[in-house]
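This briefing concerns the structure displayed below. Please keep the sequence and the model in view while reading the points that follow.

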Amino acid sequence: MAACPEALPLAGITVVSVEQAVAAPFATRQLADLGARVIKVERPDGGDFARRYDTTVHGESSYFVWLNRSKESVTLDLKSDDGRAVLEKLLADADVFVQNLAPGAATRMGLAAEALAERFPSLIPCSISGYGPSGPWANRKAYDLLVQCQTGLVSLTGNECGAARVGVSIADIAAGMYAYSGILAALFTRARTGIARAVEVSLFEALAEWMSQPAYYTLFGGSQPQRLGTEHPTIAPYGAYTCADGKDVLLAIQNEGEWLALCERFLEQPGLTTDPRFATGPVRVAHRDELNAIVAERFAESDSGEVMKLLDEIGTANAGVNDIDEFLAHPVLADRDRWRDVRIPGGETVPALLPPADLVGTAARMDAVPAVGEHTMTILAELGYSTADIQSLRAEGVI
């Protein structure tokens, strides 16, 4: 059932976003989930280029469908004076402005935080960049995988055969999350003090924060964590092993009590707990290959269902290594009723996950994904443009 607008925590907040790709749309979609009105400004010649990343969701991009529900789309040519004039009218009534334009573009168009503060002192500007608005890389392009490489993340993923990218757009997601939380903090600050603070987030610094643990390990340990596939670089046994039916199951031992139970009741080799090679966590890591051989042999004796049942009985954390189809059918998502139908351009509906943060007493907004420019006429009319004005702007290619 759709949420009542009055029950949503950000009802009454208007966000204008000149956004593209993943990071900014992820931040603003979460604001929309909480009830904010999000007006997405797109180019007249095709809109957000993420619309064309793929065509797998009934002809729509899987990225765009994920990131843009519950928004209104207006097309504007911001290189034109008339297009920027429309944007100015939108910003005059907005609470938040989000942009992830190319380096320098916001400044050239008068959309940098300092310039906006002069014209709209109550507006909260949020800028998402690659490497920050200053410094030696301020003007450098930054896409997700480039940032994964620059932060060293790629050097940690993969296995002994080579490095690998993380399978989702993790730098974009990190930046979008920090932009989202930063905007919420700025809205709270404005409500409490009346002061509108600008928010700045970079993909590089967002992912750099997430790299802090391996950074400390490398800085003080003298070498960085190894690439070990599904294995944990500093804990053993902690990784995936193949069962008799061919399915991999991940086993995670966190403490000595769990190690004792695993040896006695699963491996049925209690003597391993006093074996000098395996008696403590650090020596188990040092003798990882020998330990893995013992654990792998036991896993290979039983089907995955039997293995997971026995590990559950002895209190050992475990998980089947699922593919995406198995994830989609996961009983936790089904039994907790986490899926909702969302309409996409063309009238089809697709399943979408509820936001992971449940606010008791409210329900997230899960409205349609907009077609490019779907709300242009309505929004311009709200701003006071006549039908003739709108037709003129369309003829000139402004909308």
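**Structural briefing**

Strands β12 (residues 339-343) and β13 (residues 349-353) pair in the antiparallel sense through 5 bridges. The model is a predicted one. Its protein chain contains 17 helices and 13 strands, and 44% of its 399 residues count as buried.

**The β12-β13 hairpin**

- Together, β12 and β13 form a hairpin, with 5 residues between the two strands.
- Within the turn, Gly346 has a positive phi of about 100 degrees.
- Across the pair, Asp341 stands opposite Pro351 in β13.
- In general, the strands of a sheet pair through backbone hydrogen bonds, in either a parallel or an antiparallel arrangement.

**Overall dimensions and contacts**

- The C-alpha trace of the protein chain spans about 85 × 50 × 40 Å along its principal axes.
- Among contacts in the protein chain with a separation of 6 or more, 66% are accounted for by residues 24 or more positions apart.
- Glu301 lies in the loop between α12 (288-299) and α13 (304-313).
- Because its relative accessibility is 56%, Glu301 counts as exposed.
- From C-alpha to C-alpha, Glu301 and Leu91 are 65 Å apart in space, and they are 210 residues apart in sequence.

**The six-stranded sheet**

- An open sheet of 6 strands is arranged in the order β3-β2-β1-β4-β5-β8, and its pairing is parallel.
- Strand β2 (residues 37-42) runs parallel to β3 and is joined to it by 5 bridges. In that pair, Thr75 of β3 is the bridge partner of Glu42.
- The pairing of β1 with β2 is also parallel and comprises 5 bridges. Here Val18 has Val41 in β2 as its bridge partner.

**Burial of strand β1**

- Strand β1 (residues 14-18) is mostly covered, with 5 of its 5 residues buried.

**Helix α8 and its surroundings**

- In helix α8 (residues 203-210), the buried residues are Leu203, Ala206 and Leu207.
- Viewed down the axis of α8, these buried residues fall within an arc of 90 degrees, so they line one face of the helix.
- In general, an α-helix has 3.6 residues a turn, so residues three or four places apart point the same way.
- The elements covering the buried residues of α8 include α1 (23-33), β5 (124-129), α6 (144-150), α7 (170-193) and β8 (199-202).
- Helices α7 and α8 pack at an angle of about 95 degrees, and their axes are 8 Å apart. At that angle, α7 is roughly perpendicular to α8.
- On the α7 side, this contact is made by Ile170, Ala171, Asp172, Ala174, Ala175 and Tyr178. On the α8 side, it is made by Leu203, Ala206, Leu207, Glu209 and Trp210.

**Asp33 in helix α1**

- Is Asp33, with a relative accessible area of 3%, buried or exposed? Asp33 is buried, because 3% is under the 20% limit for a buried residue.
- Asp33 is found in helix α1.
- With neighbours within four places in sequence left aside, Asp33 is in contact with Leu8, Arg69, Pro355, Ala364 and Arg365.

**Cysteines**

- How many disulfides does a search of the whole structure find? The search finds 0 disulfides.
- Cys161 is in no disulfide, and the nearest cysteine sulfur, belonging to Cys149, is 18 Å away. Cys161 counts as exposed, at 70% relative accessibility.
- Cys243 is buried, with a relative accessible area of 4%.

How values were computed. Residues numbered from 1 in each chain as written. Predicted model: local features only at pLDDT ≥ 70, side-chain atom pairs only at ≥ 80, totals over all residues. Heavy atoms only, no water. Disulfide = S-S within 2.5 Å. Buried < 20%, exposed > 50% of the residue type's maximum accessible area, 1.4 Å probe, protein only. Helix = DSSP H or I, 4+ residues; strand = E, 2+ residues; numbered from the N terminus. Arc of directions from axis to C-beta. Contact = heavy atoms within 4.5 Å. Pairing = 2+ DSSP bridges. Axes fitted to C-alpha atoms, helices over the stretch in contact; angles between N-to-C directions. Parallel < 35°, antiparallel > 145°, perpendicular 65-115°, else oblique.
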